[in-house]
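The entries follow in the order in which I looked things up.

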Amino acid sequence: MFYQYRAQQKELGQLHAYQTVLLEKTEQIFDQAKDPSIQISVDTRDPRLQGDYQVMANFVLTQMIQSAEARNAYIRELKALGWDQFLAIDRLSRDKKQGYKETEAMLKSVHAAADTYAVKTQQFEKNSLEQAKNLPIKSRYRHQLTQSLKDSQHSDDAHVLFELEKQSLAKADAIFAVLKNNKWEKRGHTFMFYDDAPLEQFNALYKEILALNQQMKQVSLQNREEIAEKL
């Protein structure tokens, strides 16, 4: 009985240390990931962990780092394509004179980048699950880890943000169609349309894009903490 009690206490201590380490290092990963220009550097090993818990922590944190690095690479690609300047009125005014060639090429490239990122993400998640199923740990841990990985894969910040970004991209397609198919001119920093209907369309779509941008900003650290605690 005494041995069993000691074993249970040790197990609880390791579980608590595992959760603590994951939460601390998850925060480090996401803090570093805020700057896409730098490589994430977080040690996935920790002296507080032993055995299966160290194996699990190393696996989970490595997956987080690789996922964050993939997203940052995608962000850098969008930046290189000038996506942050899509609705810049000076750029669009210049591009209008050449039949919107630059904007059309930008949208095509951004769609391709988004599609590639989505495919890579799906493959990464599939591979992660397969790796989790084959980790050299107790079977009950493998089952718990695999299930928590499934639960978290579609609820983390990267997924939430990407879904919002896809919605924003669809709005960008629509707002570009309004600009391309209607007469407008630049007055100061304002798009001035010749007719009321396209102006109303443009304003409505622009408000929707702003709302989506606000939602992206509101994706909170709390969600990250919840994911770390589940894992």
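Entry 1, helix 2 and helix 4. In this predicted model, I find that the axes of helix 2 and helix 4 cross at roughly 175° and come within 10 Å. An angle over 145 degrees counts as roughly antiparallel, and helix 2 and helix 4 are therefore roughly antiparallel to each other. I listed the residues in contact: helix 2 contributes Phe59, Gln63, Gln66, Ser67, Ala70, Arg71, Tyr74, Glu77 and Leu78. From helix 4 come Val110, Ala113, Ala114, Tyr117, Phe124, Ser128, Gln131 and Ala132. Sorted by class, this contact holds ten nonpolar, five polar and two charged residues.

Entry 2, helix 3 and helix 4. I next looked up the axes of helix 3 and helix 4, which come within 7 Å and cross at roughly 115°. Arg91, Leu92 and Asp95 of helix 3 meet Lys101, Glu102, Thr103 and Met106 of helix 4. I count by class four charged, two nonpolar and one polar residue in the contact of helix 3 with helix 4.

I note about 1100 Å³ of space in the largest pocket. Its lining has 49 residues, and those closest to the centre are Ser67, Arg71, Tyr117, Ala158 and His159. Of these, Ser67, Arg71 and Tyr117 are also listed in the contact of helix 2 with helix 4. Two or more lining residues come from each of helix 1 (2–33), helix 2 (51–80), helix 4 (101–133), helix 5 (139–153), helix 6 (157–180), helix 7 (196–217) and helix 8 (221–230). Helix 2 gives the most, with 13 residues. I recorded the lining of the largest pocket as 23 nonpolar, 14 polar and twelve charged residues.

I find about 680 Å³ of space in the second largest pocket. Trp83, Asp84, Phe86, Ser168 and Asn213 are the closest to its centre among the 25 residues of the lining. Helix 2, helix 4, helix 6 and helix 7 each supply at least two residues of this lining. By class I have 18 nonpolar, two polar and five charged residues for the second largest pocket.

I looked up the pLDDT, which averages 89 for the protein, with 89% of the residues scoring at least 70.

Definitions and conventions: Residues numbered from 1 in each chain as written. Predicted model: local features only at pLDDT ≥ 70, side-chain atom pairs only at ≥ 80, totals over all residues. Heavy atoms only, no water. 1 Å grid on protein atoms, 1.4 Å probe; cavity = no way out; pocket = protein on both sides within 12 Å on 5 of 7 lines; lining within 4 Å. Points joined across faces, edges and corners; volume = space filled by probe spheres on them. Helix = DSSP H or I, 4+ residues; strand = E, 2+ residues; numbered from the N terminus. Nonpolar A, V, L, I, M, F, W, Y, C, P; charged D, E, K, R; others polar. Axes fitted to C-alpha atoms, helices over the stretch in contact; angles between N-to-C directions. Parallel < 35°, antiparallel > 145°, perpendicular 65-115°, else oblique. Contact = heavy atoms within 4.5 Å. pLDDT = per-residue confidence, 0-100.
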